[in-house]
Amino acid sequence: MELLVASGIGAMTAAGVYLLLRARTFPVIIGVALLSYAVNVFLFATGRLAVHRPPVISDDAAGYTDPLPQALVLTAIVISFGMTALVTILALRAYLECGTDAVDTPELDATAQEWGIQTGPAGEAAEAERR
Amino acid sequence: MNHWIVVPVILPAMLAPLLVLAVRHSLTLQRVFSAVGTAALVAVSLGLALRAAGGGPEIYELGNWPAPFGIVLVLDRLSALMLLLTGLLAAAVLTYAISSGWDARGRHFHPLFQFQLMGVNGAFLTGDLFNLFVFFEVLLIASYGLMLHGGGAERLKAGVQYIVVNLAGSTLFLFAVGTIYAVTGTLNMADLAVKVQQVAPGDEALLRVGALLLLVVFAVKAALVPLHFWLPGTYANAPAPVAALFAIMTKVGAYSIIRVYTLVFGAGAGDGAASAGDWLLPAALVTLVLGTAGVLGAGGLMRLICYALIASMGTLLTAVALFTPAATAAALYYLVHSTLAAAALFLVADLVAARRGRFGDRLEAAPRFAQTGLLASLFFLAAIGMAGMPPLSGFLGKLLVLDSARGGEATAVIWTLILATSLVTIVGFARAGSALFWKSAALEGRIEAAAAARPVLPIVATAAVLAGMVVLSALAGPVTGFLEGTAEQLYAPAGYIEAVLGAERAAGG
C-alpha cells in the first residue's frame with residue numbers, strides 16, 4: 001500500500017509540475033489542480049497509513065490513526081478548491097480581455113500574428129465566419 | 001491571558017464582512033469604517049509594542065486549548081514590531097487610497113484591504129506552522145483581489161501569473177509542513193524547537209528536506225533570486241497604493257525566515273536542521289546584484305521601484321543570512337526602513353503618473369506637469385532613502401548591515417557588493433529623476449492633467465511615509481536599542497518556548 005500511495009503522489013506531482021510549466025493557461029490550471037491533489041494525499045499519509053483504525057476515541061478500538069493530518073487535509077482541500085476556482089475564472093477573464101491565453105510568452109502571440117492567425121475571441125469569431 | 005493579543009487579527013476579520021455585507025452600497029460609510037478600524041489597529045499595535053518592549057513573550061491560546069494541542073498566538077518584540085509597522089503603513093496607504101480616489105475605481109477595495117491586514121497580522125502573531133500557512137493564504141487571497149482592483153487587460157495578465165506562482169508556492173508550503181509533521185509529530189513552533197533536537201538519527205535527512213523546502217517557500221514570498229520573477233510584473237501592474245501596501249508582503253517572507261530559522265531550526269537544533277544561512281547568503285547577494293541591474297534597465301518608474309525593492313530584499317536577507325544577533329538587529333532596522341522607502345516611492349510614482357497624463361510612469365521626457373517642484377523633492381527624498389544616502393535611514397541601515405558583517409568569512413564580498421550596488425542604484429535613480437523632472441523642463445508646453453482638482457491629502461500621506469524615515473533616522477539610538485533587545489530575544493529561544501509550553505515541558509520535551 002505504501003508503494004502504491006507513494007508512486008501515486010509521485011506521478012501526480014510529476015504531471016502537475018510538467019503541466020505547470022506549459023505556456024497556456026489551461027494546462028497550467030490542470031497542473032495546479034494535480035499538484036494540489038498530490039499534496040492532499042501526501043498530507044494524509046504524513047500521519048502514517050493505517051487501515052481500519054478510528055481517528056477519534058472509541059471503546060472497542062484496537063488502535064488509533066493520527067487525526068491531525070485529516071484535519072489539515074480538510075483545510076488544504078477547502079483552500080485549494082477555492083483557489084482553483086478563482087484562477088479558472090481569472091484565466092477566463094484574462095483570455096477574454098487580452099485575446100490570448102499565453103501565460104508569459106509574447107513570442108506565441110507574435111508567431112500567431114506572423115502566420116495571420118487571430119487568437120482569442122476575435123480569432124474565434126473570424127473562424128466561425130469563415131465556416 | 002491578555003485578550004488584546006488577538007485583536008489585530010479579530011478586528012479586521014470582523015470589519016471586512018461588515019464592510020462587504022452591511023455597508024457595501026455606501027462608499028462614504030465604507031471609508032469611515034475602514035479608516036476608523038485601521039486607526040484602532042494602529043492604537044492597539046502601539047499598545048502591544050509598548051507591552052512587548054517591557055516584558056518577555058506572551059501567548060494567547062485560541063479557544064483556551066493549551067499548547068501544543070491548540071493554536072497559540074505569540075506576542076514578542078519581533079511580532080510587536082512587525083504589527084506596528086503594518087498598522088502605520090496601512091494607515092498611510094489607506095489615507096492615500098481614499099483621498100486619491102483609488103478605492104472608487106473598483107468594487108470591494110476596503111473589505112479586501114481589511115482581509116489583507118488580517119492575514120498579515122495573523123502571520124506575524126501565530127506560533128503554529130500550519131496556522132502560518134492559513135494566514136499566508138488569507139493574505140494572498142486578499143492580495144489577489146487588491147492586485148486586480150480596477151481591472152484592465154495588463155493587470156489581469158499579470159494577476160494570472162502572480163496567482164499561479166503563489167499557488168505553486170502554497171503547494172510547496174504544504175509539502176514542507178507535511179514532511180516536518182511526519183518527522184516530528186507536531187506543528188507548534190515552540191514544540192518543534194524542542195522536538196527537532198530529539199529527532200531520531202535516521203530521520204535527520206527528511207527533516208532537513210522539510211526545513212529547506214520551507215526556506216524555498218519563504219524565499220518566494222521574499223522575492224529572493226531565482227524566485228523573484230513574479231514581483232516586478234505584479235507590483236508594477238498593481239494599483240500604486242496596493243503596491244505600497246505590498247511592500248510589507250515581501251517582509252512577511254523575511255519575517256518567517258527570521259522566525260523559523262532562529263526558533264525552530266536555530267543554532268541549538270543539531271545536525272538534523274539545515275543551516276539556512278549557507279543557502280541564503282549567496283542567493284541574497286545575487287538578488288542584490290540582479291535587483292540593481294533591474295534598477296538600471298527599467299523603462300518605467302513603477303518597474304524601477306520594483307527592482308529597487310528586490311535589491312533591498314537582497315541587502316536585508318544578506319544581513320539575515322549571517323544569523324548573528326548584531327546582524328539580525330541590523331536586518332530589522334533595514335527591514336523597517338526599506339518598507340517605508342518602497343511604499344513612499346510607489347506613492348510618489350502614482351502622484352507623478354497621475355499628472356503626466358498619457359506619458360504615465362514611462363521614463364522619458366514629457367512636457368512640464370503640475371507641481372513638478374514639489375513632486376521632484378518628494379521623489380528625491382524617497383530615492384536617497386532607498387539608495388542608502390545620508391542623512392536618511394537607508395544610510396544608517398546599510399551602515400549597520402556592513403558593520404555587522406565585519407569579521408566574518410564573506411566580509412569582503414558583502415562589503416563590495418553592497419557598496420557597489422548602492423552606487424549603481426544612485427545612478428539608476430538619478431537617471432530616472434532627470435528623465436522625469438529635469439528633461440521635461442526643456443520641453444515646450446505643459447501637460448494639463450485631467451484631474452484639475454489636486455487634493456492635498458495624497459501628498460500629505462506620501463510625506464507622512466517619508467517622515468517615518470526621518471523619524472527612524474532621528475530616533476536611530478532608541479530604535480536600535482529596541483532592535484538589539486529583539487535580536488537577543490530571538491537568539492535565546494528558551495524564553496519563547498517556556499512561554500508557550502510552560503517551564504516543565506520546555507526543559508524535558
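B:Leu304 touches B:Val295, B:Ala298, B:Gly428 and B:Ala432, leaving aside residues up to four places away in sequence; two residues are taken to be in contact if their C-beta atoms, placed from the backbone, lie within 7 Å. The model is predicted, and local features need pLDDT of at least 70, side-chain atom pairs count only at pLDDT 80 or more, and totals for chains, interfaces and linings use all residues. Residues are numbered from 1 along each chain as its sequence is written, while chains are lettered from A and ligands numbered from 1 in the order in which they are written.

B:Leu304 belongs to helix 12 (residues 301-322) of chain B. Helices (H or I, at least four residues) and strands (E, at least two) are DSSP runs, numbered from the N terminus. B:Leu304 counts as buried, with 27 C-beta neighbours inside 10 Å. A residue is called buried if 20 or more other C-beta atoms lie within 10 Å of its own, exposed if 12 or fewer, and partly exposed in between, with C-beta atoms placed from the backbone. The C-alpha atoms of B:Leu304 and B:Thr324 are separated by 32 Å, the two residues being 20 apart along the chain.

Chain B as a whole has 20 helices and four strands. Its radius of gyration is 22 Å, close to the 23 Å that the globule rule gives for 509 residues, so chain B is as compact as a globular protein of that length. The radius of gyration is taken over C-alpha atoms, and the globule rule is 2.2 Å times the number of residues to the power 0.38. The C-alpha trace of chain B spans about 75 × 60 × 40 Å along its principal axes. Of the 509 residues in chain B, 60% are buried. When contacts in chain B between residues at least 6 apart in sequence are considered, 80% join residues at least 24 apart.

Helix 6 of chain B has 32 residues, which should span 46 Å at 1.5 Å a residue, and its end C-alpha atoms are 47 Å apart, in agreement. The expected span of a helix is 1.5 Å times one less than its number of residues. Because 27 of its 32 residues are buried, helix 6 of chain B is largely enclosed by the rest of the structure. Just after this helix, B:Gly185 takes a positive phi of about 75 degrees. Helix 8 (residues 204-221) of chain B has 18 residues and reaches 26 Å from its first C-alpha to its last, close to the 26 Å expected. Its buried residues include B:Leu207, B:Leu214 and B:Phe218. The cover over the buried residues of helix 8 of chain B includes helix 6, helix 7 (189-196), helix 10 (240-263) and helix 11 (276-297) of chain B. Helix 8 of chain B is followed by B:Ala223, with a positive phi near 60 degrees.

Several loops of chain B show particular backbone features. A cis peptide bond, with omega about 5 degrees, joins B:Val225 and B:Pro226, and B:Pro226 lies in the loop between helix 8 and helix 9 (230-237) of chain B. A cis peptide bond also joins B:Ala67 and B:Pro68, with omega about 5 degrees; B:Pro68 lies in the loop between strand 1 (58-61) and strand 2 (72-75) of chain B. In the loop between helix 12 and helix 13 of chain B is B:Phe323, a residue other than glycine with a positive phi near 50 degrees. B:Phe323 is buried, with 22 other C-beta atoms within 10 Å.

Chain B also meets chain A: 20 residues of chain B are in contact with 25 residues of chain A. Helix 5 (129-147) and helix 6 (153-184) of chain B each supply at least two residues of the side that touches chain A. Helix 6 of chain B gives the most to that side, with 16 residues.

The secondary structure of chain A comes to five helices and zero strands. Buried residues make up 26% of the 131 residues in chain A. Chain A averages a pLDDT of 83, and 79% of the residues score at least 70; pLDDT is the predictor's confidence in each residue, from 0 to 100. Among the elements of chain A, helix 1 (residues 2-20) has the highest mean pLDDT (95) and helix 4 (residues 106-114) the lowest (57). Where pLDDT is low, the predicted coordinates should not be read in detail.
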